[in-house]
Amino acid sequence: ALDNSPDTIAFALPLLERIAQATAGSERELVDQGLLARSLAMANRQDEAERRMRHVIERARELGQYRLASASASDLLVLLREAGRAHEALQAADAKAEDTRNAGLGPWTQLADEGQRLQLLAELGRYDEVSEAVERLRPQMAALPETSEVEESAQPWNVREGLLDTGRSVALRSKRYEDALQLNDEILRSKQARGASALDLARYRFNDAAPLLRLGRVDDARALLLDCRRVFEAERYRSGLGMVFSLLADLEDETGAPDKAADFERLALGYSYQIGDPDVCAISHYSLAIYLRRSARDPTQVLAHRLAAATLFMQIRSGRLPNALSALAAVDLAPSPPAFADVVRQVETVPGVRLAALFERLPRTFADGDATLAAIWQMALEEKEQRARKAQARQAVLVDMPPAIQAAFELDGAAFSQALNAALQALPADEAARTLQRLREGGLIGGGGGGTEDERIARLLEQFEPMLQGIAAVARGDGRERAELEAVLTDFEGKGFKLVEPVQRIWSGARNEPELVAGLDAIDARLVARVLEILSRQTDA
């Protein structure tokens, strides 16, 4: 068997190519071609790997070797998902399911195919479809015997737990916390029945902590997290410890103890750097800055962690960058940023943090740390200026508005949108129309004021580029940023942008620009067009 290390793959590839050539025309041809294709994928030679995988699948179907076609299709699914091509992977999953049925494989193997399909639907944000399917399949799985009368290529427990976990994940993203707890309980019962390890059980018990906290069951959440911590420490499970400490920080913050929250988040941040995922490190920096500010700690530390988060988000083109910029724009800023070396020195007082080393291995959105900070600082200052202009416009426009309209603008997010809509509906139709027009002309809704329309659009495109890149990544099948982006878009909806509906349609596969921008103002339409442009260029490449 091959391991996945680059050295091993590099050593094995020439041998596998020779084997594939030697067995051409024999019974082993397709098997060896499939092994070579998997190894090419591991070596990041995706184009060649995909071509060989598709050849193996097509040839296996021609020869009636449907089990081999189904197995090779699994490799193709992995390749397409990792390449962010979830829509193509979904088509491949449907074809694989047919191969499995043609091969005469049993119900558990067919359920495994359905599980892969549901994972893809979840990545595409089609949560309702996933939930309905999981609920339909739960009694079916419960009724199936553990041993099948026909041949299977999947373990029943693995299929069951995978399907239930997909349902749990979707329930959590949909804020159906009780459903998430019930599904996780079913997973745990399955694991206990088959004698899963203490670490495996603790990893899944941890999944209950967030829904318990969101349901207000703080004591239960704390007890669970502390229990998981003991197991993770005994097993030296570093990523699990980082998650435990981060959620303990969230818990302490929720209960009004920001000092304790900051202490826990420091521990989480140290473990995040041990794992080395830049997105996780950035989120932890961002959270720590929040807790430090709430606990009235040194403002230079708060700023340093905000800048560390923004720097990492910028370099990896994360959709979370607008949140980091918004936090910076909310405080007093000097004319120029601190030196990157100063930020590094501040944040690296936290044990285990190695910001400079992490930055060096990331893609270069900007040449170096100082250039990155300069760009971030400029974007934050521009947002700050836009806020000031908007505040002035608000005062000028709102001064003689009905009190309910004025009150709406004291709110944020969805609360603002709901209050404004209610206030407008309470007015006579002609007055509501005039009021809405004045709000738009004053730049209070629909993207803000100041400068020409083209200038405002240009500024927004530059400021929102990382978010737009993130939206495009989700459209290509990378669902990791989806929940965060949905929260950002919902917040923007409350500020007058109308991006939620067109973005959801893009994530569902829509690409027709005229249909997507119908009814949008010029700014929203240009932002949507930019997402389509990103997708088009990446497809052409």
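**View 1. Ala296 counts as exposed, at 70% relative accessibility.** Exposed here means over 50% relative accessible area, buried under 20%, and partly exposed the range in between (1.4 Å probe, protein chains only). The model is predicted, so local features require pLDDT of at least 70 and side-chain atom pairs count only at pLDDT 80 or more, while totals for chains, interfaces and linings use all residues. Residues are numbered from 1 along each chain as its sequence is written, and side-chain values use heavy atoms, with hydrogens and water left out. Ala296 is placed in the loop between helix H15 (278-294) and helix H16 (299-315), helices being DSSP runs of H or I of at least four residues, numbered from the N terminus. Although Ala296 is not a glycine, its phi is positive, at about 55°.

**View 2. Asn44 has a positive phi of about 65° although it is not a glycine.** This residue is found in the loop between helix H2 (29-42) and helix H3 (46-62). With a relative accessible area of 61%, Asn44 is exposed.

**View 3. Phe245 and Phe264 form a stacked aromatic pair, one of four aromatic pairs that the structure holds.** Rings of Phe, Tyr and Trp (its six-membered ring) pair if their centres lie within 6.5 Å, and count as stacked with planes under 30 degrees apart, as edge-to-face over 60 and otherwise as tilted. For Phe245 and Phe264 the separation is 6.2 Å centre to centre, with 20° between the planes. Phe245 belongs to helix H13 (residues 238-254) and Phe264 to helix H14 (residues 258-275), so this pair ties together parts that are 19 residues apart in sequence. Phe245 and Phe264 are both buried, and together with Tyr271 they form one aromatic cluster.

**View 4. The rings of Phe340 and Phe359 form a tilted pair.** Their centres are 5.0 Å apart and their planes stand at 50°. Because Phe340 lies in helix H18 (residues 340-347) and Phe359 in helix H19 (residues 355-360), the pair ties together parts that are 19 residues apart in sequence. Phe340 and Phe359 are each buried.

**View 5. Helices H7 (residues 127-143) and H8 (residues 156-173) have axes that come within 9 Å and cross at roughly 145°.** Axes are lines fitted to C-alpha atoms, for helices over the stretch in contact, with angles running from 0 to 180 degrees between N-to-C directions. On the H7 side the contact (heavy atoms within 4.5 Å) involves Tyr127, Val130, Ser131, Val134, Leu137, Arg138 and Met141, which meet Arg160, Leu163, Leu164, Thr166, Gly167, Val170 and Arg173 in H8.

**View 6. Arg194 lies over the face of Trp157, at 3.8 Å from the ring centre.** A charge sits over a ring if NZ of Lys or CZ of Arg is within 6 Å of the ring centre and within 35 degrees of the ring normal. Arg482 lies over the face of Tyr127, at 5.6 Å from the ring centre.

**View 7. Leu80, in helix H4 (residues 66-82), is buried with a relative accessible area of 0%.** Leaving aside residues up to four places away in sequence, Leu80 touches Glu50, Arg54, Arg85, Glu88, Ala89 and Ala92. Leu80 and Ala92 are 12 residues apart in sequence and 9.0 Å apart in space, C-alpha to C-alpha.

How values were computed
Helix = DSSP H or I, 4+ residues; strand = E, 2+ residues; numbered from the N terminus.
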